[in-house]
Each structure stands twice: as C-alpha cells, then as structure tokens.
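Open the structure in your viewer and keep the sequence panel beside it.

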Amino acid sequence: MRKSTIVTALTALITFSGTANAEDHSETKKSQPKLVVAISVDQFSADLFSEYRSSFTGGLKRLANGVVFPSGYQSHAATETCPGHATIMTGVHSGRAGIIANNWIDLSIERDDKTVYCAEDERIEGTSFGDITAPMQGDYVASAWHLLVPTLGERLQKISPKSRNVAVAGKDRSALMMGGKGVDDVYWWKGKGFATLKGRNISPSLTALNKSIGEKIDRARPAYATPAHCASRSAKIMHGDGKSVGDYAFQRPDGAARIFRLSPDFDHAVIAAATAMFDELKLGRGEATDILSIGLSATDYIGHAFGTEGLEMCIQMSELDRSLGEFFDILDGTGVDYTVMLTADHGGLDLPERMSLQGMPSAERVDAN
Ligand SMILES: [Zn+2]
C-alpha cells in the first residue's frame, strides 16, 4: 500500500459561462443555462492550479478568466475521493451526506467482510468489498445508495422532470456521488472500458467508444512531447521502492493496459465519454436545464504514482488544459447555452523524496513499502 502521499483539503473552484449569446450579459443573466457542466479533477489542489495557472492556454485558461475562488478547501476530516465528491453536487458536508470516507467498517452487516466501500450496495447477497487497499478489485455492486442527500441533478429533476442528470467519471465513486441515486445515465471506467449500473445497458455511443479504446489500449504508445515550460521539471528522483520517477513521459510498451489510468490518456477517454453522452442525449438541447457531471481521475493516479511536482504532473496539467479546451470548443460548436464549474475532491502532496530535495529534509515515507 502506498502511504507516501498525504492528502490535503485544498481545492479551487472556478466557473465560466460559454454561450452563443455571451456578449449579451443582461440576457445571459436573466436566462438559465441549458446545460451545467460540473467537472471534478481528482487531486487538483488549489496549489496545483495556482502553480500552473500562468501556463494554461486552453480550457483551464478560459476557466481562469471566469469566476475563480483560488483558496477553496474541503473542510471535512477524511479528504478522500468519495467524501469529496459527495460534497460537490450536494452542497453539504460529507458527514451529512452519509459518506464519511472511501471505506468504513460496519459490524452490523451480514457478510463476513465488514468493510463497506462508499459506492457499493452491501445489502446485495454474495458481494464483498475485498481488499481495502485496492478498491477497484472488490466484488461489489456499485451504487449511490449510501448517499443520503440529493444532488443538484436530482433537485433539478424535482422542479423540471424533463431535466437530465448524467455523470461520467474515471472512478465509480466519483460518478455516483456526483450523479446521486436518481442519476439518469452514469458511466465509469472499469478495467478496459466504461461500465454502468447493474441491470442497465451501455448506451450505443459508449459501446462504440469502448470498442475503439479496447482496440488500442494494449498497444504501445509513444512518449508525450515535453512542453517547453515542463523541461526544467524533468529530473530523475529515486523512489522509495528503488524505482525512479520524474522523467517519465507516459511512454507505454505493448500489453500495458493496466497503466492506462496513470496517464493523460485516461482523462482523454473520460472526456470522450462525456462528449459521446452530450451528443447522444443532445444535452442542453431539451426543454429543461441538464446536468453533466464529469470526474477526471488521471491527475489523482498520476499524483499518487509520480508526485505532484515532476515532469509527469506538468505534462498532465498541460494535457488536461488542452483536452478541456477541445471539449469546450465542441460545446461552443453546438450553440448550447452552458455553464461550467470545475473543482476538486481533495489535493495532494509531492513525493517525500522530491520534497526533501526541495527544502523539506524531514519529509519521509511512513512505510518504505
Ligand atoms: Zn480523489
């Protein structure tokens, strides 16, 4: 189990409205947007946003030119992915939302394994959460039933039943906590493609996307080019387990699908899935305001594996910026009146090996393994 990264509760909240009639501010103010795009970038701390803010040229630059709350933070204790995402679309603290951590122990449940995963339904016979250090490995049925309060999408549906509430994310807990129990369409990454709730079918556009990703995910991919502002970050750092990080640009050999999640490719896939749902469901083009929640998880996986200050994170920030810019261009191209909100579930710290080189000599791993 990796224990090197101490999670902090720093998140920035940034928003903008991208509309066909954006010049007419009085009209925009009066009218409700037809689509709210709520983006969570996992482990995207306010520090990370501030550090790279001047280098953004794409979607994040556009967001940074909107309304920015640069010192936001999550105020609950267990700043993990599930409680963090449970606050974003509900507006309540994680405890009130019923999501106190990613995993907890409930001695009252009937199965032998008393560990409960936040986004499972342990009432279903035959399930187990499995190894708490590997939450994606459990034999569980993904569900939002632990979420005790409604999300924005569910609230909107009460007012306007024709409003659609859609969530797509790299992690099931991100998608389910942002969408809530009443989510209309929900997808998350599972192994080699996008999955949905038990008993539901994968939509035609996501089926096609899964096929196209499946055809290339096991294939070798070249390294990402190093943006000029990232060159100075490329420095090999010896890791606690004897390997090195700091100069890896996500080059993958054949058959390395398992490390797909630890690369900007993962966010590109989730944004492709969000785009597919936007197109297929014609979000923002119905009678009521729709919600599209997007959980981008690559920053978190990259932060855990390579730290927050190396070449890897620099490339990831650049790719996230570019990819979001392309996504907003697609939304613009449809003329849909939309608003974007971007925030994070929690932050992260750099690897202790690099932190000690950068002026924190006391930084060390709790567990060398
Ligand atoms: Zn997270």
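## Stop 1: Just past a helix

Select Lys 282, which comes just after helix H9 and takes a positive phi of about 50 degrees. Helices here are DSSP runs of H or I with at least four residues, strands are runs of E with at least two, and both are numbered from the N terminus. Lys 282 is a residue other than glycine with a positive phi, and its place is the loop between H9 and strand S11 (290-296). With a relative accessible area of 49%, Lys 282 is partly exposed. That term covers the range between buried (under 20% relative accessible area) and exposed (over 50%), computed with a 1.4 Å probe on protein chains only.

Before moving on, a word about the model: it is predicted, so local features need pLDDT of at least 70 and side-chain atom pairs count only at pLDDT 80 or more, while totals for chains, interfaces and linings use all residues. Residues are numbered from 1 along each chain as its sequence is written, and side-chain values use heavy atoms, with hydrogens and water left out.

Now step back to H9 itself. How many of the 17 residues of H9 are buried? The count is 13, so H9 is mostly covered. The end C-alpha atoms of H9 are 24 Å apart, which agrees with the 24 Å that its 17 residues should span at 1.5 Å a residue; the expected span is 1.5 Å times one less than the number of residues.

For another positive phi, select Phe 250, where the value is near 70 degrees, again in a residue other than glycine. Phe 250 lies in the loop between strand S10 (244-245) and H9. Phe 250 is buried, with a relative accessible area of 0%.

## Stop 2: Helix H8

Select residues 204-216 to show helix H8, whose 13 residues should span 18 Å at 1.5 Å a residue; the end C-alpha atoms are 19 Å apart, which agrees. Colour Leu 206, Leu 209, Asn 210 and Ile 213, the buried residues of H8. Looking down the axis of H8, you will find these buried residues within an arc of 105 degrees, so they line one face of the helix. The arc is taken from the directions that run from the helix axis to the C-beta atoms. An α-helix has 3.6 residues a turn, so residues three or four places apart point the same way.

What does H8 carry on the face turned away from its buried side? There you will see the exposed residues Pro 204 and Lys 211. On the buried side, the residues pack against strand S7 (185-190), strand S8 (193-195) and helix H9 (264-280).

## Stop 3: The strands beside it

Show S7 together with strand S6 (residues 165-169): the two run parallel and are joined by four bridges. Strands pair if DSSP finds at least two bridges between them. Val 166 has Asp 185 in S7 as its bridge partner.

Lys 190 has Gly 193 in S8 as its bridge partner. The hairpin of S7 and S8 has two residues between the strands, and Gly 191 takes a positive phi near 75 degrees.

Select Ala 195, in strand S8. Ala 195 counts as buried at 15% relative accessibility. Beyond neighbours within four places in sequence, Ala 195 is in contact (heavy atoms within 4.5 Å) with Val 186, Tyr 187, Trp 188, Lys 190 and Ile 202.

## Stop 4: The disulfides

Finally, show the cysteines: the structure holds two disulfides, each a pair of cysteine sulfur atoms within 2.5 Å. Cys 82 and Cys 118 form one, with sulfur atoms 2.1 Å apart. Cys 82 lies in helix H4 (residues 81-88) and Cys 118 in the loop between strand S5 (115-117) and helix H6 (152-159), so the pair ties together parts that are 36 residues apart in sequence.

A disulfide also joins Cys 230 to Cys 314. The torsion about its S-S bond is about -85 degrees, so this disulfide is left-handed. Both Cys 230 and Cys 314 are buried.
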